[in-house]
Amino acid sequence: MKKIFIKTFGCQMNTRDSEFVAGILVDKGFRLSDSMDTAEVIIFNSCSVRKHAEERLFNNIDCLKKLKKKNTELVIALMGCTAQAYGPKAIDRSPLIDIVCGTGNETDLPRLIKDVLKKRCRIIAADKVNEKKPEAFPKYRENKFKALVSIGEGCNNFCSYCIVPYVRGRERSRDAKDIIREVKDLAARGFKEVLLLGQNVNSYRAACGKDFINILKDINKIKDIERIRFMTSHPRDAHTELFRAMRDLDKVCEHLHLPLQSGSDRILKLMNRKYNSKKYLKLAEDYKRMVPGGSITTDVIVGFPSESSGDFKKTCDILKEINFDSAYTFKYSPRAGTKSSKLPDDVPPEVKASRLEFISRLQCGISGERNRYLVDKTVEVLIEGTNKKDKAFLIGRTRTNKPAVFKGSVSLTGKLAEIEVESVTPYALRGRIAG
């Protein structure tokens, strides 16, 4: 059967979607290739949250001109958010594309690829954006002990800058029994950690009435699962019940990713985030009080339309007040079809760049200080294998999601270990195996 290669852009939801598609293709007899050069089908799983990601995507596709000319049988497919957003226009943008597969059509990909191979035609399939995906349980996983598990998708929040509700559709929660079946199967196969994924996990609601806290409690009971993580929480739907579950359920890791986006109430209102800085600060305070020692991370956008130096200062002030463990910081870019795209993009590019550099440096200093508290302390890590940047060391992650590097045998991969922290950087811990 044909060899496929999947290149993924974007978030962990996209990573899981690529893994899922690889799994259903393998189940249909396709083989995975580790190189575009040897693949007969190349699939790009795309992200359209920022303009930069889209430009990189189409640049990557355009780089295949020589390969496609050399191998006229090569099939190029585009899936994910950009495929959904562009539809047939994706082929206008890049005539190399044979298949455009929207976010709700992923389970159709094996058939779509076979149709193109047989008929040598182009196919657009992007008509199921709001449909619940058929349940499938392919065995293929990229990792042997950590697994991504989607619990739902879509979003109803309509933040003014965000294209996700348009390209992922409205919120749909998977049935609780299907999630539990998947996690039990992972546990039986030796997986230690699951990361529950959704655009807004806190608003999970199964048809049977179970909410996100119920799902955490059910998974916490599954034998041989050692760690439970989740991503992402929207501040509007986060609450003390979630923090109480994080405190009381022993397998739920003490890491909360809570996107702030801005510290200015005026900008938050323009963003349609449906909370203000006071509520966010109260949530962070409640979390720290109820989950002592837990980490908190965030996302920040700089240069939103009309953002003044005063608005930007308020964002910096909240970063300093909360002491985030880390932050993903981005420059605003308008996305077609969103409400904010109708606002003047009036913060000059050089000001956006300057603010991004300033806030990145600010957070770097805060992250370094946060990590310094861990020197001479012992932390538990799940060992992920050899550190790619320095193969003399292993790398693992703490329950608070901090990377830690240390020396040890590769045979420890996939095991939990206690690490004595000897030194830190803003980005990682360095230490040795305790005992």
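The model is a predicted one, in which local features need pLDDT of at least 70, side-chain atom pairs count only at pLDDT 80 or more, and totals for chains, interfaces and linings use all residues. Residues are numbered from 1 along each chain as its sequence is written, and side-chain values use heavy atoms, with hydrogens and water left out.

**Empty spaces**

Rolling a probe the size of a water molecule over the atoms shows where empty space is left. On a 1 Å grid over the protein atoms alone, a cavity is a set of points where a 1.4 Å probe fits but cannot get out, while a pocket is an open set with protein on both sides within 12 Å along at least five of seven lines; lining residues have an atom within 4 Å of a point. A volume is the space filled by probe spheres set on the points, and grid points are joined across faces, edges and corners. The structure holds two cavities of 30 Å³ or more.

| Space | Volume | Lining classes |
|---|---|---|
| Largest cavity | about 320 Å³ | five nonpolar, four polar, twelve charged |
| Second largest cavity | about 100 Å³ | three nonpolar, seven polar, three charged |
| Second largest pocket | about 350 Å³ | three nonpolar, six polar, seven charged |

Here Ala, Val, Leu, Ile, Met, Phe, Trp, Tyr, Cys and Pro count as nonpolar, Asp, Glu, Lys and Arg as charged, and the others, Gly among them, as polar.

The largest cavity has 21 lining residues, and the closest to its centre are Lys133, Glu135, Ser150, Glu153 and Arg174. Helix H1 (12-27) gives the largest share of that lining, four residues. Helices (H or I, at least four residues) and strands (E, at least two) are DSSP runs, numbered from the N terminus. In the second largest pocket, strand S15 (residues 378-386) gives the largest share of the lining, three residues.

**A helix pair**

Now look at helix H10 (residues 240-248) and helix H12 (residues 277-290), which pack at an angle of about 20° with their axes 9 Å apart. Axes are lines fitted to C-alpha atoms, for helices over the stretch in contact, and angles run from 0 to 180 degrees between N-to-C directions. H10 is therefore roughly parallel to H12 (angles under 35 degrees count as roughly parallel). Heavy atoms within 4.5 Å make a contact; Phe243 and Met246 are among the H10 residues that meet H12, whose contact residues include Leu283 and Tyr287.

Conventions: Angles under 35 degrees count as roughly parallel, over 145 as roughly antiparallel, 65 to 115 as roughly perpendicular and the rest as oblique.
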